[in-house]
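Okay everyone, thanks for coming.

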Amino acid sequence: MKKYYFSVTLGMVLSLLTNLNASTSNYLASQVYSDLERKVFQVKTALSKDAPKSSYGTGFVVAIDGKIITNYHVVSRSLEKYNTYQIYVDVEGEMFEAKILEIDIIHDLALLKIDKKLDNSLKIRMQNIKIGERIFSMGIPKDLGLSITEGIYNGIKKNGLYENIHMSNPLNAGMSGGPVIDSKGELVGVNVSILLKSQNISFAVTSKSVKRILDKYNSRGKDVVQYSNKNDKAVDSEIEKQLLNAQESLTTDFMNTAKKSKKEGLWSYTKPSKELTCWQVDNSDKDKNLYHEKKEICYVPSSSHVKHDLYGGTYELKYSIMSTDKLSLVKFYNYVNSVYNGEQMIESLYINFFANDNYTKYECDKDIVFNTKDIPFKINYCVKAYVNYKGIYDVDFKAVTLLKDKNALFLRLTLRGFTSNNINQFIQTLLNDIRFSNNVDYKNI
Amino acid sequence: MLIIKIFKEKTSIPETFRIEKFPCRIGRSKENDIVIESDWVSVNHCEIVNDGENFELRDLNSTNKIVHNKIILDKHQINDGDEVIVGDVKLTFYFDEEKYEKTKVNDLTVLSKSSLIQKYLSEHQIQTYFLYAIPLLLLILFYKMIFVYDFTYKTYARACVFVFWFFFCSYLLMVLISRLSNGHCFWRKLYREVMITLTITFAIIYSVEILEGVIINSNVLNFLGINLIGWNIVYRMGVVVYYQFKRKNTAIFSAIFVVCISLCHIGLYSILREDQHHDLRGTIFYPVINYSINNNKFEKLWPKIQASIDEVDKKRHELIKEKKEYFGR
């Protein structure tokens, strides 16, 4: 009874507060809106000027000579080979063809330029923002016209290795690429994504990244490159460079934490990096207590989007630790085998049998290998290469071991967009770090 | 007139033939006057000749000849009430109707004992089909019951359904085959060969799996050299050699089967090699494993992975070439 009373009063206070704030924020929002109305445009890709759009988003002015920032995924269509999509920016009803000056696939940003002098540009805020500060997102959601939504800044969230703003602004399709603004009308970030199946959890690229992409362009000086589907070599080499950077930073991060090991039951293995999102499940047999299984899945929460079905710079780790007291060795072996075989190496047959534009066919093999602690592993692996980018591969790797005293460990590694050198480092450290605490002489099994 | 009573099976009613036209041919093929469906009877086995007074049974160069009183004969002069064995079928000859009628009572008592299935299918067919089907069924069930970890009441129910369908389907198959085999054993032989191959394959798969479970980390697997094609071809060749001395047709048939089966296996194997990640059953399709603790460290694994990376790179170059040719860029 007491609790109920308390919650009611709290609710009343809260509703009062929001009402008060709403009245003040209305004033702010309308001010921000009128301030920015002419600095935010719709960006679309289409086959020609008057043709219907094939993708759309929002962009905003950063320099008065016609430089516009938007999301990379809004304009990535126009960079696809063998396609003739063009980028158009809608400035007060008039369509202007845009060129891409710079891309950043890791942070999902693109710098565009149109041949029109614009009145004024957005200021980039470099000062820190306090958590709880009111911020606004602008954009053209679902092609309905320029609109503004408000929310609260919830700090910087690490999405993998990269910083992203975590905010409560509601975002909709079409608003990506739009600016995130504080109450003074200064740029805080760029709308980029939302968390699905959640309430008002959305993400924005930080203003630091926007500054970085502008600096990068300015530092080029005279060596300006045109990124378009007609100049696909420049596009490919730039994307390749950025994919390589992404995997390199993931690998160094992995190697830094790899020195420590994690104990789980009688086993110990490489400690997953803090940047990974991890889940643990107990898959033991609950009815008859026939076997015990503990499963740990860790993955990088972000990935570098290149095309709608091509991405890189991410990896996933899966450990399964199995043991039994009741099952016989053969029965337990069958169970371990079913876990091992149940793990699909490739999403679908189709991808493997027919090479597509983005990847080659898979190349697979298997082997039996002993690690430095003489633990034997049965191993399966598959490799495929990216067609357009040199020296970047996807690897699916799984290993299983079953020791004499009915203890088994299953390891699964999925690497997306890594070089062969780093693949070597990953597999070697993961395999050699696996240890079993009972100092059994495996040579005699 | 000659009356012949043929006991095709011990338990079913004997068939009777009243012969007025001579010579009368007996054999397995449909062109004969009297057709006997049995593997032991040749296509044209023998004929009955009438030279005015006597009837004579002549062998037509058959495989199993004619047997009378445990003596193998080429020719036999028929007397009243004679019992002659052709292949594995007993023929009884009668000259007059009265003597024949007396023996009929015995046959009827035999008939009442025979079961429903035997009315539709001959004893031979049941033997040939179930002989190969039942071991296969038992093998599968035995393995599932004893060695698979989650054999609960649910899987037991599933097993019951499986058994029902197994028998139902094999019965249908039997009826179909008995209709198809017009005195020729081709279909029956095919069925038998398929069943034997299946049984042996399953036996190898399961035994390897059990062995793997018991001694997964041992060098014994090394010694076994698990290779399905190898085992199967060895078995097939054995069949060919065995029949070489007995029956020519069967030997040729089996030889063709060897070629077909090995081609199938090679096809299957090449597909499996193409996507080994499918990993049908552990390492069963994996050829001879050559490993020992000392030389199979990571240093040995990496060149293999590097090799497949190089292979993928090659594929990439080919793809780029193709695209350049196609799009002219």
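Predicted model: local features only at pLDDT ≥ 70, side-chain atom pairs only at ≥ 80, totals over all residues.

Most residues other than glycine have a negative phi, and most peptide bonds are trans. Now look at A:Lys197: it isn't a glycine, yet its phi is positive, about 55°. You'll find A:Lys197 in the loop between β11 and β12 of chain A. Over in chain B, the peptide bond from B:Phe22 to B:Pro23 is cis, with omega near -5°. B:Pro23 sits in a loop too, the one between β2 (15-19) and β3 (24-27) of chain B.

Next, the largest pocket. Its volume is about 1000 Å³. How many residues line the largest pocket? There are 36, and nearest its centre lie A:Asn159, A:Val192, A:Ser193, A:Ile194 and A:Phe203. Which strand gives the largest share of that lining? That's β11(A), with four residues. Several chain A strands supply at least two residues each, including β8 (147-159), β12 (202-206) and β17 (304-307). By class, the lining splits into 16 nonpolar, 15 polar and five charged residues.

Last stop, two helices in chain A. The axes of α4 (residues 232-258) and α7 (residues 420-432) come within 10 Å and cross at roughly 20°. Angles under 35 degrees count as roughly parallel, so that's what we call α4(A) and α7(A). The crossing is left-handed. On the α4(A) side, the residues that meet α7(A) are A:Gln247, A:Glu248, A:Thr251, A:Phe254 and A:Met255. Their partners in α7(A) are A:Asn422, A:Gln425, A:Phe426, A:Thr429 and A:Leu430. That contact has four nonpolar, five polar and one charged residues.

Technical notes. Residues numbered from 1 in each chain as written. Chains lettered and ligands numbered in written order. Heavy atoms only, no water. Axes fitted to C-alpha atoms, helices over the stretch in contact; angles between N-to-C directions. Parallel < 35°, antiparallel > 145°, perpendicular 65-115°, else oblique. Left-handed = near helix turned anticlockwise from the far one by under 90°. Contact = heavy atoms within 4.5 Å. Nonpolar A, V, L, I, M, F, W, Y, C, P; charged D, E, K, R; others polar. 1 Å grid on protein atoms, 1.4 Å probe; cavity = no way out; pocket = protein on both sides within 12 Å on 5 of 7 lines; lining within 4 Å. Points joined across faces, edges and corners; volume = space filled by probe spheres on them.
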